[in-house]
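Trainee: I have the file open and some questions about how it is put together. Can we go through it?

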Amino acid sequence: MRELEERIKRDGIVKAGNVLKVDAFLNHQCDVALFDRMGAEWAREFDGLGVNKIMTIEASGIGIACVAARHFGDVPVVFAKKAQSVNLDGEQYCSTIYSFTKQREYPVIVGKRFLGSGDRILIIDDFLANGCALEGLIDLCGQAGAEVVGIGIAIEKAHQGGGDRLRAKGYRVESLARIAGMDDGSGEIEFL
Ligand code: 5GP
């Protein structure tokens, strides 16, 4: 999506440690009109797959997923919560995710009421790096017997390989901007 690439070039900041900051329009301040055009793009790419629910993870995925849902017939959006501890009351599916940005593991949960067999899930998230966040969400869907029919990503850092690993497993991953590399010295960002 050319518009997203242009926006990343204009407002994105490359930080040390291979981190791209996009707080100006995606992760802190939200450009809702841009989110809407991103949602339209995903709707075009995932047309005809019978998506009946969108899944994401808090916090930054929620805004883009909710706006995207308007393009999928207002399907519900369920977001995995980052939990402090695992509540073993049996009401929730639970998985563990390793955070690329925080460099630590944390549990994620979703209520069993909100995910089930028969669900055709489109996962949406802001970033795809090593793919750990998505693997956690896929695991939650698997526990519920829900089918992941597609994965829509705003920014894929393709050089980290997570996207290709998921594609090799057969998942349909559509990223609106794919970064081939970035340099925190010059601030340059190269797209695929
Ligand atoms: P992964 O699990 O694929 O390694 O990383 C995905 C998650 O880490 C995303 O949900 C996002 O929150 C965060 N993340 C990974 N790389 C970046 C980055 O360069 N910039 C920002 N803002 N978040 C990132």
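Mentor: One term to start: a polar contact is a pair of N or O atoms within 3.5 Å; within protein, one must be able to donate a hydrogen and the other to accept it, and residues adjacent in sequence count only if both atoms are side-chain atoms. This is a predicted model, where local features need pLDDT of at least 70, side-chain atom pairs count only at pLDDT 80 or more, and totals for chains, interfaces and linings use all residues. Residues are numbered from 1 along each chain as its sequence is written, and side-chain values use heavy atoms, with hydrogens and water left out.

Trainee: Fine. What joins the side chains of Ser95 and Asp139?

Mentor: A polar contact of 2.6 Å. Ser95 lies in strand S5; strands (E, at least two residues) and helices (H or I, at least four) are DSSP runs, numbered from the N terminus.

Trainee: Is Ser95 buried or exposed?

Mentor: Buried, at a relative accessible area of 7%. The cut-offs are under 20% for buried, over 50% for exposed and partly exposed in between, with a 1.4 Å probe and protein chains only.

Trainee: What does Ser95 touch?

Mentor: Leaving out residues up to four places away in sequence, Ser95 touches Tyr106, Pro107, Val108, Gly136, Asp139, Leu140 and Gln143. Contact here means heavy atoms within 4.5 Å.

Trainee: Which residues of S5 are on its covered face?

Mentor: Tyr93, Ser95, Ile97 and Ser99. The uncovered face has Gln92, Cys94, Thr96 and Tyr98. In a regular strand the side chains alternate between the two faces of the sheet.

Trainee: How does S5 pair with S6?

Mentor: In the antiparallel sense, over eight bridges; two strands pair if DSSP finds at least two bridges between them. Ile97 has Tyr106 in S6 as its bridge partner. S5 and S6 form a hairpin with four residues between them, and Gln103 in the turn has a positive phi of about 55°.

Trainee: What is the strand order in the whole sheet?

Mentor: S5-S6-S4-S3-S7-S8-S9-S10, an open sheet of eight strands with mixed pairing. Strand S5 (92-99) and S10 are the edge strands, each pairing on one side only. S8 and S9 pair in the parallel sense over six bridges.

Trainee: Which strands does helix H5 touch?

Mentor: Helix H5 (residues 132-144) packs on the sheet, touching S3, S4, S5, strand S6 (104-111), S7 and S8. The direction of H5 makes about 165° with that of S5; axes are lines fitted to C-alpha atoms, for helices over the stretch in contact, and angles run from 0 to 180 degrees between N-to-C directions.

Trainee: Switching topic: how many residues are in the largest nonpolar core?

Mentor: 34, and those with the most contacts inside it are Leu4, Leu20, Met38, Ile54 and Ile155. A nonpolar core is a set of buried Ala, Val, Leu, Ile, Met, Phe, Trp, Tyr and Cys residues joined through side-chain atoms within 4.5 Å. A second, separate core of 25 residues includes Met55, Leu128, Ile138 and Val173.

Trainee: How many disulfides are there?

Mentor: Zero, from a search of the whole structure; a disulfide is a pair of cysteine sulfur atoms within 2.5 Å.
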